[in-house]
Amino acid sequence: MSGKYLVTGGAGYVGGVVAQHLLEAGHEVVVLDNLSTGFREGVPAGATFVEGDIRDAGKWLDTSFDAVLHFAAFSQVGESVVKPEKYWENNVGGTMALLGAMREAGVRKLVFSSTAATYGEPVSTPITESDPTAPTSPYGASKLAVDHMITGEATAHGLGAVSLRYFNVAGAYGAQGERHDPESHLIPLVLQVAQGSREAISVYGDDYPTPDGTCIRDYIHVADLAEAHLLAVEAATPGEHLICNLGNGNGFSVREVIETVRKVTGHPIPEVMAPRRGGDPAVLVASAATARERLGWNPSRADLAGIVADAWEFTQKIAEER
């Protein structure tokens with residue numbers, strides 16, 4: 001059955017891909033984005049675009065909407081350390097205003113874009129939703145604060161909500177791929193080297209307790225991630241706040257990612273060794289058992305070479321357009 005959904009931050013990377021999946025499933029989509037970090041061309045054709053701030057969501061929300069999928073947030077960990085107030089004001093204050101607007105309009109389903117950064121340094125691997133949350137950055141803390149806020153909204157006002165805690169999202173789908181500015185994610189950074197816009201890739205530490213000495217991370221294709229959001233809308237239950245990790249449950253090291261980019265692109269990727277970065281855990285891998293059990297979600301694009309190939313195609317396309 002088709003529905004009508006508000007996608008906040010739908011001009012961004014993940015929000016845009018989710019909006020596209022909603023349209024392909026036959027739903028009506030309204031994208032709300034202030035374009036502070038998103039791109040107008042990232043809004044999929046067929047979606048209604050509203051340029052505006054989530055604090056003003058009440059101007060557009062009404063009883064015709066079935067749910068809100070909330071992606072509008074600042075997400076740069078490093079920036080959040082030097083500008084924490086920006087993250088509290090937008091990520092927390094903006095979401096508080098959005099929840100109020102949803103309550104006023106009688107929209108009682110929410111899917112929230114959360115993050116593995118809520119866990120901080122892992123106490124065990126793979127990470128489960130019951131593991132301690134101890135974020136090491138204001139960004140992670142702001143997302144955890146919103147999770148607490150949503151729990152209260154569900155308990156007090158009957159909201160049906162699902163928070164999806166992403167691990168490392170990668171790949172491309174349709175008109176959307178990674179184009180953050182500044183870029184901080186490994187795969188697009190290595191692809192910039194292959195493309196020639198970056199001289200070398202920095203490897204931060206090669207003495208971790210892993211098979212090749214470099215950090216291991218859990219990569220998930222953005223299209224698999226999007227499918228989880230559609231399942232989450234259906235699973236949202238009044239009065240419940242469900243939290244699910246999203247990841248493949250398998251990890252790839254920094255060196256494995258670099259070598260895969262070499263194979264996919266056919267380009268040499270010069271490496272520059274650098275000291276470890278503070279707060280970088282050796283291994284971050286998710287247990288997605290809850291998402292499988294509660295959402296019926298099974299990622300089907302776990303192949304790293306396929307993820308890189310999609311991202312490489314998008315990187316070349318963007319370069320040609322410039």
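Contact here means heavy atoms within 4.5 Å, and helices (H or I, at least four residues) and strands (E, at least two) are DSSP runs numbered from the N terminus. The model is predicted, with local features needing pLDDT of at least 70 and side-chain atom pairs counting only at pLDDT 80 or more, while totals for chains, interfaces and linings use all residues. Residues are numbered from 1 along each chain as its sequence is written, and side-chain values use heavy atoms, with hydrogens and water left out.

The buried residues of H5 are Leu 186, Ile 187, Pro 188, Leu 189, Val 190, Leu 191, Val 193 and Ala 194. Their cover includes strands S7 (168–170), S8 (201–204) and S10 (219–221), along with helices H7 (254–265) and H9 (304–321). Just after H5, Gly 196 adopts a positive phi of about 100°.

For the chain as a whole, the secondary structure amounts to nine helices and 14 strands. The radius of gyration, taken over C-alpha atoms, is 19 Å, close to the 20 Å that the globule rule (2.2 Å times the number of residues to the power 0.38) gives for 322 residues, so the chain is as compact as a globular protein of that length. Along the principal axes, the C-alpha atoms fill a box of roughly 55 × 45 × 40 Å. Buried residues account for 54% of the 322 residues. Of the contacts between residues at least 6 apart in sequence, 78% join residues at least 24 apart. The accessible surface (Shrake-Rupley method, 1.4 Å probe) comes to about 13,500 Å², and 51% of that surface belongs to carbon and sulfur atoms.

The UniProt record, an unreviewed entry, places the feature "domain: NAD-dependent epimerase/dehydratase" at residues 6–240; such annotations may be inferred rather than shown by experiment. Over residues 6–240 the chain is 36% helix and 18% strand, with the end C-alpha atoms 20 Å apart.

Tyr 87 and Tyr 139 form an edge-to-face pair, at 6.5 Å centre to centre with 80° between the planes. This pair links distant parts of the chain, as Tyr 87 sits in helix H3 (residues 84–105) and Tyr 139 in helix H4 (residues 138–157), 52 residues apart. Tyr 87 is buried at 0% relative accessible area, and Tyr 139 also counts as buried, at 10%. Ring pairs join Phe 74, Tyr 87 and Tyr 139 into a cluster.

Charges also sit over rings (NZ of Lys or CZ of Arg within 6 Å of the ring centre and within 35 degrees of the ring normal). Lys 4 lies over the face of Phe 65, 4.4 Å from the ring centre, and Arg 276 lies over the face of Tyr 208 at 3.9 Å.

Finally, Gly 239 lies in the loop between helix H6 (222–235) and strand S11 (241–246). Gly 239 is partly exposed, at 39% relative accessible area. Not counting residues up to four places away in sequence, Gly 239 touches Ala 154, Gly 158, Leu 159 and Gly 160.

Definitions and conventions:
Phe/Tyr/Trp six-rings, centres within 6.5 Å; stacked < 30°, edge-to-face > 60°. Buried < 20%, exposed > 50% of the residue type's maximum accessible area, 1.4 Å probe, protein only.
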